[in-house]
Amino acid sequence: MIGFRSKFWQDFDWLLLFAALFLSFISLTEIYSSTMAQSSEDFFARQLAWVTVGVVFLFVVAAIDYHLIAEHIPWLYMLAVGALIYTLALGHRVAGSKSWVVFGPVAFQPSELTKMVVVIAMARYLSELRIGRYMTLMQIVKGCVIALVPVILVIRQPDLGTSLTYLPVIAVGLFIRGVKPVALISLILGFVLLLPVSWLVLKPYQKERILTFLDPERDPTGRGYQVTQSKIAIGSGGLIGKGVFNGSQNQLGYLPTRHTDFIFAVVGEELGFTGVVATLGLLTFIVFRSIYHAQTARDNLGLFIVMGVVGIYFFHIIVNVGMVIGFMPTTGIPLPFMSYGGSSVLTAFIALGLVMSVRRCRYVN
Amino acid sequence: MLQREEIELLRWRISIIGYVIVAVLLVLGFGFWNAQVVQSGYYQQRAEQNRIREIPLPAPRGRIYDREHRILADNRPSYNILLIRENSPHTLEQSAELLSAGISMSKEEVLDRINRSLKRRDPKFRPILLKEDVSVGDIAFVKSHRFELPEISVEIQPRRRYLEDQLAAHALGYVGEITESELTSPEFANFKSGDQIGKAGLEREYNNILVGKDGFKRVIVNSGGREMGQLAREEAIPGNDLVTTIDLDLQRAAEEIVGDHAGAVVALDPRTGEILALVSRPSYDPNLFATRISAIDWKSLTTDPRKPLQNRAIQSRFSPGSVFKVFMAAAGLEAGTLNPVQTVYCPGYATFYGHTFACDKHDGHGTTSLHNAIVNSCNVFFYNVGNDLGIGRISQYARMMGLGRKTGIDLPNEDAGLIPSEEWKQRVYKAKWYAGETISVAIGQGYVAVTPMQAAWAMGGLTTGGRLKQPHLVNPQDLKKIGMPGDEIVEEDYPIHQSTVDIVSTAMWGVVNEQGTGFRAKIDGFDVAGKTGTAQVVGKQANLKGQEYKDNAWFVGFAPYRNPEIVVAAFIENGGWGAEAAAPVAHAVLETYYKKKLGQFEAKLNTIALR
């Protein structure tokens with residue numbers, strides 16, 4: 001037991017944890033800065049609590065052998081799908097989407113944690129395939145189904161943005177496991193052809209968001225307002241920023257949803273380009289450190305789990321950061337470790353825990 | 001495939017993903033570099049525009065007083081509802097939709113106001129005026145929906161208030177929002193869209209004195225449009241007050257006695273040119289213009305056949321009728337064509353150039369002296385005076401005495417009246433002057449036309465010995481006192497013998513005091529003199545009956561009859577006989593003046609509103 005303990009601490013990737021904690025520190029500072037004017041709710045204290053819980057979960061997940069989780073994944077997957085159906089039936093509606101489940105004082109989004117279940121399920125499926133350069137068509141379809149069941153349930157909530165975050169798990173998984181260039185191209189083509197069809201399925205507000213993204217001046221006072229104000233906040237921050245608590249865009253309320261989706265714009269305004277580079281640098285460090293762990297993983301299961309996590313992390317980063325700077329349409333996708341929100345923070349730390357678990361086991365055998 | 005090979009393959013693919021991530025991060029990093037380093041200045045400016053708002057502090061217009069410093073026009077606070085397009089979370093359509101019901105306007109009306117501003121290409125930060133002079137309920141709606149409608153705000157604006165409503169409306173004029181065409185004229189170079197300017201009367205004439213200088217405050221506002229702090233403030237400088245020469249008591253007395261008649265009254269001090277009362281009726285309430293005048297009110301004012309907006313005292317010309325005889329007498333005496341002791345036999349008519357001209361008294365005045373011809377207003381006597389003078393000298397003397405040309409009153413759009421001449425007829429009608437036309441001119445008919453202001457001015461000039469003082473409502477000395485430029489009062493002295501002045505003045509004393517036509521103007525102890533006039537609206541032969549064909553009535557009086565202090569010209573449109581309709585009007589004004597002079601006057605309370 002003592003041997004296990006010392007080995008655990010020895011193989012624990014402290015750098016990853018410190019990177020995540022440093023991000024949390026920046027996040028908590030800016031959440032405090034952007035919400036101090038609102039006395040109704042103590043966002044800072046809540047976020048601090050969630051970070052604490054997240055770190056505890058990180059250690060718990062890191063301590064568990066990921067093979068054990070993979071072994072239990074079939075019923076965990078069923079449980080997750082059941083939770084999504086439950087949310088759809090009895091969930092709590094916030095801003096038009098039924099994506100919340102409320103337990104006493106705690107509200108939770110099952111769609112967030114489900115991501116990790118899908119990552120592990122997909123990793124197990126891909127790692128158990130017989131060795132070969134490319135996957136067969138049937139294998140591709142089966143792999144897609146694993147991710148698409150929750151995707152469809154989340155779309156029904158309706159929360160298109162969150163449902164999209166499942167797709168990188170498929171994309172990264174299939175790409176690494178191997179898809180024939182012809183199949184890859186036809187997949188991309190099929191997706192492109194599906195776009196006009198999906199246009200018909202989109203809700204009016206979703207169409208409006210995409211149109212505004214393509215042409216922000218279309219409605220500068222309405223939907224384009226958020227992105228315009230976000231860009232003003234970031235640009236006015238300059239090289240070193242206006243200083244914490246000094247961002248006029250943030251403090252005077254010009255920034256929309258500034259402690260959640262647009263927290264990175266607050267960083268840009270108050271901490272400047274320096275803060276942006278530091279934050280993006282820490283996120284990049286986590287991503288590449290994880291990729292390194294994937295490459296040095298003991299087996300393919302570990303490799304696919306870590307790469308699934310990387311795919312989800314990175315998708316969140318480009319969609320959120322891209323939105324804040326105006327490169328991506330407005331979607332309610334949080335920035336891992338940065339945006340306010342329990343589900344998001346908890347999921348980010350659990351995902352990191354999975355990476356830790358893979359890393360810890362790399363020299364076994 | 002060997003496991004080793006497979007692992008290498010998977011690692012290679014992972015590396016590709018790594019490169020893709022690096023590429024994407026570089027693109028994002030470039031975006032931030034561009035915004036925060038390259039274009040940072042631009043965004044800093046945008047952030048400043050966001051948080052800093054310049055709010056105008058409109059300057060109140062100067063007050064207008066009467067000669068005893070009683071307020072005629074001042075300002076009251078009023079509230080306007082504004083929309084600021086910049087940073088609005090709503091489309092203009094949505095704003096109109098959400099707001100309209102709360103401030104009792106239709107959505108279309110709100111959008112109409114917005115579109116007018118858009119058409120002017122106003123910058124986004126310029127507030128759009130949606131509704132002015134709003135009710136307490138409207139303000140409550142906006143204040144209570146501050147968070148839902150951050151783009152809507154309430155602004156305080158001083159608004160013109162005329163305390164006496166219709167009283168002296170034509171002298172005071174009114175204010176209104178500057179129009180597009182006025183904005184482009186050099187006169188209003190310092191004004192901007194939305195400013196209030198004087199549109200008529202004194203408000204227009206002395207606009208530059210009455211307007212103040214707007215101030216502003218630069219404040220920090222949050223996204224809800226709430227002020228969070230103040231950066232700079234420049235107080236508004238109120239406009240200068242204007243003290244007029246109007247005597248509110250005389251003005252009120254004149255307005256009340258004219259009442260519902262159409263007409264005009266001018267009372268002035270001939271020694272100085274100061275106007276004591278300037279009445280034109282029917283009148284209008286200038287308060288209607290203080291808030292943007294409604295389309296219905298505007299239409300009813302402009303289409304009213306009685307033309308309430310017309311200032312009859314200075315902008316309308318009328319045949320002077322027998323009032324003109326006084327000037328004919330003076331002209332004849334000065335030209336030497338009229339002997340002061342000469343008599344004319346009046347059989348009730350006279351024949352000149354083959355035409356018969358009637359006298360008002362059908363059975364004739366008999367042998368008539370100049371004095372009696374004026375007292376009893378004998379036409380036949382003056383036919384002869386006119387005929388002896390000829391049109392050339394008539395027009396020369398009449399113009400010298402102040403008729404047929406502008407008096408120079410400090411009000412816009414004064415009419416010059418008309419004194420005909422051969423040259424004039426040739427120019428306008430391309431026709432020769434007929435000697436017979438001179439006969440009509442001699443009794444103030446035909447082409448002769450004067451404004452009530454001219455009648456008072458010329459009478460004052462004649463009775464003070466040929467001294468024409470430019471009539472004015474504001475004393476230039478008062479303007480100089482407040483450091484404003486004021487042109488000196490123009491004084492014209494024309495040559496006239498004192499004997500001529502004495503003869504016509506004595507005769508006009510007779511008009512009032514010797515059972516003449518002006519007996520109704522008599523005031524015991526105050527030697528009132530004057531001359532009545534009854535001017536035909538249509539030819540006698542037309543023989544038309546009805547109010548609109550009744551003669552116009554004149555009485556131009558002054559007192560005392562030597563060295564007069566006050567001249568009153570009263571004109572009643574379609575009033576009928578001057579002796580009946582106009583003389584009592586002048587009497588009321590003169591009586592008020594006299595009582596005030598003796599200290600016996602009790603001012604009426606302001607509660608008597610003339611509507």
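Asp269(B) stands opposite Glu274(B), a residue of strand 12 of chain B. This is a predicted model, in which local features need pLDDT of at least 70 and side-chain atom pairs count only at pLDDT 80 or more, while totals for chains, interfaces and linings use all residues. Residues are numbered from 1 along each chain as its sequence is written, and chains are lettered from A in the order in which they are written.

Strand 11 (residues 263-269) and strand 12 (residues 274-281) of chain B pair in the antiparallel sense over 7 bridges; strands here are DSSP runs of E with at least two residues, helices are runs of H or I with at least four, both numbered from the N terminus, and pairing requires at least two DSSP bridges. The hairpin of these strands has 4 residues between them, and in it Gly273(B) takes a positive phi near 90 degrees.

Strand 11 of chain B is also joined, by 6 bridges and antiparallel, to strand 21 (residues 566-572) of chain B, where Ala570(B) is the bridge partner of Val265(B). Of the 7 residues of strand 11 of chain B, 6 are buried, meaning that 20 or more other C-beta atoms, placed from the backbone, lie within 10 Å of the residue's own.

Val265(B) is among the residues that touch the most other members of the largest nonpolar core, which has 127 residues; such a core is a set of buried Ala, Val, Leu, Ile, Met, Phe, Trp, Tyr and Cys residues joined through C-beta atoms within 7 Å. Helix 16 (residues 379-400) of chain B gives the largest share of this core, 11 residues.

Key. A residue is buried if 20 or more other C-beta atoms lie within 10 Å of its own, exposed if 12 or fewer, and partly exposed in between; C-beta atoms are placed from the backbone.
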